[in-house]
Amino acid sequence: MTLTTKLTGLLAGAVMALATAATAADWKPSGTLRLQIGFGAGGSTDTMGRVIAKVMKEQTGWNIIAENKTGGGGVAMFTGISKMPPKGNVIGMGVNMPIMINLVKRGDQLPFDLDSFDYLGTVAHAQLALVASADAPFDDIAGMVEYAKANDGLPIAFSAAPQKFLMSAVDKEAGAGFRYVSTKGGAENMKLILGGQVLAGFGSGEHLQYLESGDVKMIASANDSRHNYAPDTQTVREAGYDVYVDPYFFFATTAGTDPEALAALTKALSDAIASDEVAEVVKNATQTEALNLGPDTTKQMLVDGVENVRVLFAD
Amino acid sequence: MSVTADRGAGAVISLFGLVLYFGVIPNFVEAVDDGWVLPATIPNAVAIVLIVCGILLILKPTTHRPQRMIEFQKAALYFGLLAFGLLAMSYLGFTYTAPVIALVLMLLIGERRPLWLILGVAVLPATIWFLVVYVLDRALP
Amino acid sequence: MVDLATILAGFADAFTLWNLAFVLFGVVLGQFVGAVPGIGPVMAMAIAIPFTFGLDPLPAIAFLVGVNKGGLVGGAVPAVLMNTPGTPDAAATAMDGYPLARAGKPLKATKMALFSSVTGDTFSDIVLITVSAPLAILALRMGPVEIFALMIFAFSVLSGLIGNSLIKGIIAAALGLLCASIGSDPENYTPRLIFGYFELFDGLPLPSVAIGMLAISEILRRLSQIRGDMRGAIELHDTGNPDDRRVTWAEYWGCRFTMLRGAVIGTILGALPGIGSTAAAFMSYASAKTTSKEPETFGKGNLHGIAAAESANSAVVGSNLIPLLTLGIPGSVGAALIISAFMIHGIQPGPLLFQDQGRLIYGLFGAMIMANLLNLWVGQLGLRFWVKVVSAPESIIFASALLLCIVGVSMATGGIFGVAIMLIFAGLGYLMTSFGFSVVIFIIAFFLGPRFEISLSQSLALMNGDWSKLVNYPIALALLALSMVSLIWFLSRTQSDDLPPETSIEE
C-alpha cells in the first residue's frame with residue numbers, strides 16, 4: 001500500500017465522516033418517530049423508554065412518541081419492526097435475552113434474524129439476582145442444592161424463560177430437583193418468597209428493597225459478574241455451573257435504513273442517554289449506571305450472545 | 001328432531017371442537033417434555049368441552065330464535081363497510097379514509113340532513129385528528 | 001409505624017391549591033377519556049407519565065390517581081347511555097344501566113352509577129388508609145393454592161350470571177378460555193395458537209377483544225335495527241317527574257347493603273393482585289341478583305344492579321394500592337403505571353415505603369380523598385353534558401363511536417393489526433349474541449383465563465403435582481367447600497326460574 005492510497009483512503013474517510021456528521025444534523029424523520037417498547041406499561045423498560053423518548057424529543061425537536069408493543073419479551077415488537085419499510089421512523093427498545101433465546105430455540109419460525117435490524121445502542125445492563133427468604137436454611141447455591149436434595153426438591157419462583165433455563169442447567173448437573181413456579185414478574189416472585197410459599201426466586205431490582213429491609217438474602221448473581229451492591233455474593237458461574245445471563249436493554253431499527261438516518265438516530269439516542277434525566281431514571285429503575293455500548297458493540301454483543309445462549313442453554 | 005338455531009349452533013361448535021382437537025392444537029401448540037400445565041393442557045380441555053357441550057346442545061336445545069335474516073344482512077353490510085374501511089386505512093391512512101367511512105355510514109343509516117352530514121364528514125374527523133395529534137401527541141393509524 | 005405528626009404533615013401537604021388543581025385536572029381528564037369510547041384512563045396515564053417527571057412527586061402521583069379515579073366514573077357513561085362499555089368491568093354496569101337509560105331515565109342511571117362508584121371507591125380508600133398494613137400481611141398469606149381456590153369460588157358465584165341454558169353458558173366460557181390461551185403458555189413461554197403471527201405472542205390485545213366484543217358488536221346490532229327514521233341515540237322522555245332525573249336519598253339508602261357488599265368484594269379482590277375488577281363487578285352483580293327478592297327485575301333497569309357493579313369495580317382501584325404500596329406489586333395496569341411514576345421519582349414502593357416516605361404516602365391519601373370529592377362534583381356536571389351529547393342523532397353518534405374506537409384501539413395496541421382483531425371479535429360477539437350465547441361470560445373467562453392457568457400451574461408446582469397435599473392448605477379447602485355450596489345454590493336459583501317455557505318448543 002502506497003502512501004497516496006493510504007492518504008486518499010484517510011481523506012475519503014474523513015470526508016465521509018464529515019459528510020455524515022453534517023447530514024446527521026440535517027436529517028429529520030418524516031413525520032412522527034415511534035419509540036416502540038417491547039414490554040408492558042409500568043415496568044422498568046417502559047419507564048426508561050418513555051423518559052428517553054421525552055428527552056430525545058426535547059433535544060432534537062422531532063415529534064417522538066413512545067408506545068408499548070408487548071409480546072414474548074420484545075419478539076412481537078421486533079417482528080413488527082423487521083417487516084416495516086426502513087424509513088428511519090421507528091426505534092425498537094427491547095432486552096437481548098428473550099430475543100436471543102427465541103432465535104436459538106425457534107429461529108426457523110421467527111420472521112427475523114439478527115441481520116434484520118440496524119443497531120443503535122444500549123441504555124443499561126440489568127442485574128438479575130437469585131434471592132431467598134432471610135430465614136432459608138442455605139446461603140449459597142451449593143447449600144441450596146443440598147437442601148433441595150434432602151427435602152424432596154425445592155420450589156423456585158421465576159418470571160421469564162432465561163431464569164428457568166438457568167436453573168434447569170444447574171439442576172441437570174446437580175440433580176437437585178428444583179420445581180419451577182411460574183409468575184408474572186419479579187414483584188410476584190418477591191411476594192411468594194415473603195409469603196413463605198417458595199424459599200427462593202429471581203429479582204431484577206425488585207429484590208433490592210427487601211435486601212435492605214432484611215426480608216431476603218442474596219444467593220447468587222445470575223450475571224457473568226457480581227453485582228455492584230453485593231460484591232461478596234458469588235455468581236452462579238463462580239459457584240461451579242457454567243451458565244449465566246447478561247441482559248442488556250438495547251435499541252434497533254429496521255435493517256437497510258439510510259446511513260444518514262441511522263447516524264442521526266444513533267446520535268439523538270446517545271445524546272439522550274447521556275442526559276442527567278435519563279441517567280437518573282436508569283439508576284432508579286435498574287440500580288445501575290446508564291451504559292451505551294454504541295451501534296457496533298451492541299451488534300457484536302447480540303451476535304456473541306446468541307452463540308453463548310446456544311452453548312449455555314443447549315438441550 | 002326439528003332444526004332449530006341451537007341445534008345448528010351445537011353442530012358447528014362440536015365440529016369446531018373436533019377440528020381444534022385433531023387439527024389445530026397438534027400443529028400450532030408446541031410439545032414440551034416437562035411441566036405441570038403443558039401448553040396443550042387447557043386448549044385440549046376446551047376442545048373436549050366444546051365437543052361434548054355442542055352435542056348436548058343438539059340433544060337439548062332451548063327455544064332461542066335469532067333475529068330475522070334482514071338484520072343479519074344489514075349487520076353484515078356494516079361489518080363489510082368497516083372491514084373495507086380498515087383495509088383502505090392501512091394503505092391511505094386515517095386522514096383520507098375516515099371522512100369517507102363516516103359519509104357512507106351516515107348515508108346507510110339514512111341520514112340526509114346536510115348539517116349533520118357535514119358534522120360527521122368534516123368536523124368529526126377533524127376533531128379526532130386534533131385530539132390525537134395535538135392534544136394526546138399520538139400518531140393516527 | 002408512622003407517627004401522627006408525619007400523618008398530619010402528609011395531609012397538610014396534600015390540601016394545597018396547587019395539588020387541588022392537579023387532582024382536579026386529573027379527574028376531569030379521567031372522566032373525559034373514560035367516557036369517550038375507545039380511549040380510557042390507562043392510555044391517558046401512560047401518555048401523561050413522562051410529563052410528571054418535572055413535577056414534585058406528590059402532585060405528579062396525585063394527578064395520576066385523579067385520572068385513574070375519574071376514569072372509573074367516566075367508564076360507566078358509554079356503558080349506561082349506549083350499552084357500549086369500553087372495559088369489561090363496565091359491562092356489568094351496562095346490564096341494568098342501559099335498560100334504565102332506554103326507559104327514558106338516563107340521568108338517573110348515570111347518577112346512580114356515579115354515587116355507587118364514589119361510595120365503593122371511598123370505602124376501599126378508607127380501608128387502605130386505616131388497615132393496609134395488616135391486610136397486606138393477610139394478602140401475603142394467600143399463596144397460589146389459595147388464589148386458585150378463590151378463583152374456583154369466583155367462578156361458582158359467577159355461575160349466577162348463566163342465563164337459561166347451562167350448556168350455552170359453558171360453551172361461552174370455553175370459547176373465552178380458548179381465546180385466552182392464544183399467545184404463549186405460562187410455564188415454558190412457547191408460542192401457542194398464534195399461527196405465525198408473533199404480534200400475538202403476548203396474547204390477544206385486551207382492548208381489541210373487550211371493545212370489539214362489547215362495544216362494536218352492540219353498535220352493529222343497533223345499526224342493523226335502524227329502519228330509516230332518524231332518532232336520538234338515547235331518548236329523553238320528560239315525564240314531568242323530577243325524580244326520574246335524579247337519585248333520591250331513599251333510593252340511594254335502599255341500595256346500601258348492595259353497595260356495601262360490592263365494596264367489600266371489590267376491596268378483597270383488589271387487595272389480591274391478579275383477579276381484578278372484572279371479576280369483582282360481576283361477582284357483586286351476581287350476588288345482588290341472586291339474593292334479591294325480585295331477581296327477575298335485574299337486567300331490566302334495577303338500581304341495585306348498577307349499584308352492585310359500580311361499587312365493586314371502583315373499590316378495586318383503592319385497594320389495588322394495598323399490595324402496590326406495601327409490596328410493590330401492581331394489581332392492574334393502572335396500578336403498574338402508578339409504580340412507574342413512583343420509580344421515575346426514585347421511590348420504590350415496598351416494605352420500606354411507609355418508613356422512608358411516610359409523609360408522601362399520607363399526602364397521597366389526602367389527594368385520594370380530594371379526588372373522590374371532586375369526582376362527585378365533576379361527575380354531577382359532566383353527566384348532564386354526556387346525556388346531552390348522546391341524545392344527538394344515531395347517525396352521528398354511531399359514526400363517531402366507531403371512528404373513536406378504531407383510533408383508540410389503534411393507539412392502545414400500536415396499529416391497524418389491533419383494530420383488525422377488534423373487528424373480528426365484533427363479528428364473533430354479534431354472532432354469539434344472535435344465537436343466545438352470553439358475551440359477558442365469554443369476556444369474564446377471557447380475562448380470568450391467564451390467571452387461572454398460571455395459578456393452576458403454580459399450585460401444581462408447589463404441591464408437586466399431588467392434589468392430596470391440599471390438606472395442608474386449610475383456607476383453600478374452606479374456599480373450595482364454599483364453592484360447592486354456592487355453585488349448587490346459584491344454579492338452583494337461576495335454573496328454576498327459566499324452566500317453564502321449555503314445554504312449547506317441539507311443535
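Let me begin with chain A, where strand E6 (residues 154–158) and E8(A) pair in the parallel sense over 2 bridges, strands being DSSP runs of E of at least two residues, numbered from the N terminus, as helices are DSSP runs of H or I of at least four, and pairing requiring at least two DSSP bridges between two strands. This is a predicted model, in which local features need pLDDT of at least 70 and side-chain atom pairs count only at pLDDT 80 or more, while totals for chains, interfaces and linings use all residues. Residues are numbered from 1 along each chain as its sequence is written, and chains are lettered from A and ligands numbered from 1 in the order in which they are written.

Within E8(A), Gly201(A) is the bridge partner of Ala157(A). Strand E5 (residues 129–133) of chain A is joined to E8(A) by 4 bridges, running antiparallel, and here Ala129(A) stands opposite Gly203(A).

Turning to chains B and C, the contact takes 55 residues from chain B and 61 residues from chain C, contact meaning that C-beta atoms, placed from the backbone, lie within 7 Å. On the side of chain B that touches chain C, H3(B) gives the largest share, 10 residues. That side of chain B has 40 nonpolar, 9 polar and 6 charged residues, where Ala, Val, Leu, Ile, Met, Phe, Trp, Tyr, Cys and Pro count as nonpolar, Asp, Glu, Lys and Arg as charged, and the others, Gly among them, as polar.

Definitions and conventions
Contact = placed C-beta atoms within 7 Å.
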